[in-house]
Amino acid sequence: MASHDHTHAHGCGHDHAAALPRLLLEAEDLCRARGVRLTDQRRAVFTALVRHGHPLGAYDLIEKLRPKSGRSPAPIAIYRALDFLQQNGLIHRLETLNAYIACPHTHGAGEAVVFLICEECSHVEEASTSGVNMALDSLATQHGFVARRRVVELGGLCRACQSRRPARSEVHTP
Ligand SMILES: [Zn+2]
Ligand SMILES: [Zn+2]
């Protein structure tokens with residue numbers, strides 16, 4: 001780890017908190033435009049997810065949001081905030097990890113998102129291409145299926161972890 005200069009605990013080389021002011025502004029704009037409220041609880045959950053940058057389960061979030069003295073927030077309140085944030089496209093739920101992650105808004109609303117999940121450092125990259133959209137849509141159409149959620153999750157090794165552990169990497173680049 002000495003060769004990497006990390007300002008946070010995950011070691012993936014990304015400064016997740018740097019995007020917080022922009023994402024909070026975008027979240028406020030979006031809520032205003034939709035006539036919904038970004039309550040303190042919802043804002044706190046969103047902020048925790050953006051700061052953390054990596055997927056967090058509901059109970060990890062409850063732990064993070066617990067005040068130094070006092071009681072933890074009620075699980076139901078956290079789940080409601082997560083539902084709200086998810087419905088408004090501010091966060092995503094990663095099905096395979098049963099965890100949540102803030103959306104960096106690099107894709108259009110309703111666009112299929114491919115999550116590239118690093119199994120080593122738990123960094124998650126969001127990727128999207130119209131090709132994935134079209135392939136999923138035509139697949140659904142063939143089955144007479146109406147898709148409401150389009151989520152694709154790939155598990156593997158991120159670029160940083162591949163270069164850090166070449167011996168254990170399954171991907172060999174010549
Ligand atoms: Zn997203
Ligand atoms: Zn990694």
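**Reading the model**

Analyst: Let's start with Asn-98, which is partly exposed because its relative accessible area is 46%. The rule is that buried means under 20% relative accessible area, exposed means over 50%, and partly exposed lies in between (1.4 Å probe, protein chains only). Please keep in mind that this is a predicted model, where local features need pLDDT of at least 70 and side-chain atom pairs count only at pLDDT 80 or more, while totals for chains, interfaces and linings use all residues. Residues are numbered from 1 along each chain as its sequence is written, chains are lettered from A and ligands numbered from 1 in the order written, and side-chain values use heavy atoms, with hydrogens and water left out.

User: Where in the protein does Asn-98 lie, and what is its phi?

Analyst: Asn-98 lies in the loop between S1 and strand S2 (99-102). Its phi is near 50 degrees, a positive value in a residue other than glycine. Ser-122 is another non-glycine residue with a positive phi, of about 60 degrees. Ser-122 sits in the loop between strand S3 (113-118) and strand S4 (124-127), and counts as partly exposed because its relative accessibility is 32%.

User: How many helices and strands does the protein have?

Analyst: Helices (H or I, at least four residues) and strands (E, at least two) are DSSP runs, numbered from the N terminus. Here they come to six helices and five strands. Along the sequence the pattern runs α-α-α-α-β-β-β-β-α-β-α.

User: Is His-92 buried or exposed, and what does its side chain meet?

Analyst: His-92 is buried, because its relative accessible area is 14%. This residue is part of strand S1 (residues 91-94). A polar contact is a pair of N or O atoms within 3.5 Å; within protein, one must be able to donate a hydrogen and the other to accept it, and residues adjacent in sequence count only if both atoms are side-chain atoms. The His-92 side chain makes such a contact with the side chain of Glu-126, at 3.3 Å. Leaving aside neighbours within four places in sequence, the residues in contact with His-92 include Ala-99, Tyr-100, Val-113, Phe-115 and Glu-126.

User: How many disulfides are there?

Analyst: A disulfide is a covalent bond between the sulfur atoms of two cysteines. With the cut-off set at sulfur atoms within 2.5 Å, the structure holds zero disulfides. Cys-121 is buried at 11% relative accessible area, and Cys-158 is buried at 16%.

User: Which ring does the charged end of Arg-42 sit over?

Analyst: A charge sits over a ring if NZ of Lys or CZ of Arg is within 6 Å of the ring centre and within 35 degrees of the ring normal. The charged end of Arg-42 sits over the ring of Phe-84, 3.7 Å from its centre.

User: What share of the 174 residues is buried?

Analyst: Buried residues make up 33% of the 174. One of the buried residues is Asn-133, at 12% relative accessibility, which is found in helix H5 (residues 130-142). The C-alpha atoms of Asn-133 and Arg-150, 17 residues apart along the chain, are separated by 8.2 Å.

Technical notes:
Contact means heavy atoms within 4.5 Å.
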